[in-house]
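Trainee: I am new to this one. Could you show it to me and walk me through some of its parts?

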Amino acid sequence: MTPHLYIHVPFCTRRCAYCDFSIAVRKNVPVNDYLTALAAELDRVVSDGDRSTLSTLYFGGGTPSRLGAEGVAAMIRDVRAHFDLAPDAEVTLEANPEDVTPEAVAAWSEAGVNRLSVGVQSFDDSVLAWMHRTHTSAESREAVAIARSAGIDNVSVDLIFALPDSLHRSWRDDLQAAIALDPDHISLYGLTVENGTPLGRWQASGKVAPPTEDTYAEQFLLAHELTRKAGYDHYEVSNFGRKGRYSRHNSAYWSGAKYVGAGPSAHSFDGTSRSWNVAPYAEWRSRLSAGESVIDGVETLSATNRQSESVYLGLR
């Protein structure tokens, strides 16, 4: 039984300043090559003949919306060739605002996407430029409107807080702008500095300085206050949702449920062991082309491990 499936789509137009995820920057996305490799991996996932019914399906990245209207539809057809979707399955697609067009959303909705997670990050255009984001605040607002009018009414928006003070970003203004769009769900992530990213190099050279712990705490508590006043439940440390609109897929991770991941760097968990795929897109694809395993590592959890995870995941 595999109730939850995550698929990693690594393609991005540009690497964001803070990003250390498994991505592949491509001007022209190799949609067909990616889908061929993905189908090969899904063949292996269900090679035992167990056709499971999915409760949730999540396309993350990277930028899954870069596959375009037909690319996403074809990807979902591949999933349906290997799994059944429950009648009430939650099917989430992460999207950048500039990819959200009426034509694309209509195709995604028809294919089965019923939840869109829009990577807004900020409504301040100067901050977006600093982040190396490729959209504007106007495109973010338009994306939410398009999603609803074109058939997807369950919309989540992402924002990042605890940015360097030197940016003079108003966190309150960004929060209020997000709430004004009345999304069903809001995810708020504190900025982390990772080695090897542009931000990591900027900080190491002294070009930027992280905010203080007090600033981080103040912004987190302000988010809690404003979203609660607007009717959202703060149901997980980084997530706020309307009643009935919590992320069912992410909630499964926090509850220790079984899940399968496909695509570069994707993780799987069978209840006892956790495994993860190779991260580079080119290596993932070449291994599948050669009929080789894409698994990069396996960790078997002891009873103590499971108990510890249950405690810290429960604290989220």
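Mentor: Let us begin with a pair of helices: helix 1 passes helix 2 in a right-handed crossing, meaning that the near helix is turned clockwise from the far one by less than a right angle. Helices are DSSP runs (H or I) of at least four residues and strands (E) of at least two, numbered from the N terminus.

Trainee: Which residues make the contact of helix 1 and helix 2?

Mentor: Helix 1 contributes Val31, Tyr34, Leu35, Leu38, Ala39, Leu42 and Asp43, and helix 2 contributes Gly71, Ala74, Met75, Asp78, Val79 and His82; contact means heavy atoms within 4.5 Å.

Trainee: Before we go on, where does the model come from, and how are residues numbered?

Mentor: It is a predicted model, in which local features need pLDDT of at least 70 and side-chain atom pairs pLDDT 80 or more, while totals for chains, interfaces and linings use all residues. Residues are numbered from 1 along each chain as its sequence is written, and side-chain values use heavy atoms, leaving out hydrogens and water.

Trainee: New topic: is Cys12 buried or exposed?

Mentor: Cys12 counts as buried because its relative accessibility is 10%; buried means under 20% relative accessible area, exposed over 50% and partly exposed in between, with a 1.4 Å probe and protein chains only. Cys12 lies in strand 2, residues 11-12.

Trainee: What does Cys12 touch?

Mentor: Leaving aside residues up to four places away in sequence, Cys12 touches Ile23, Ala24, Val25, Arg26, Gly62, Thr63 and Arg66.

Trainee: And how far is Cys12 from Arg285?

Mentor: Their C-alpha atoms are separated by 17 Å, with the two residues 273 apart along the chain.
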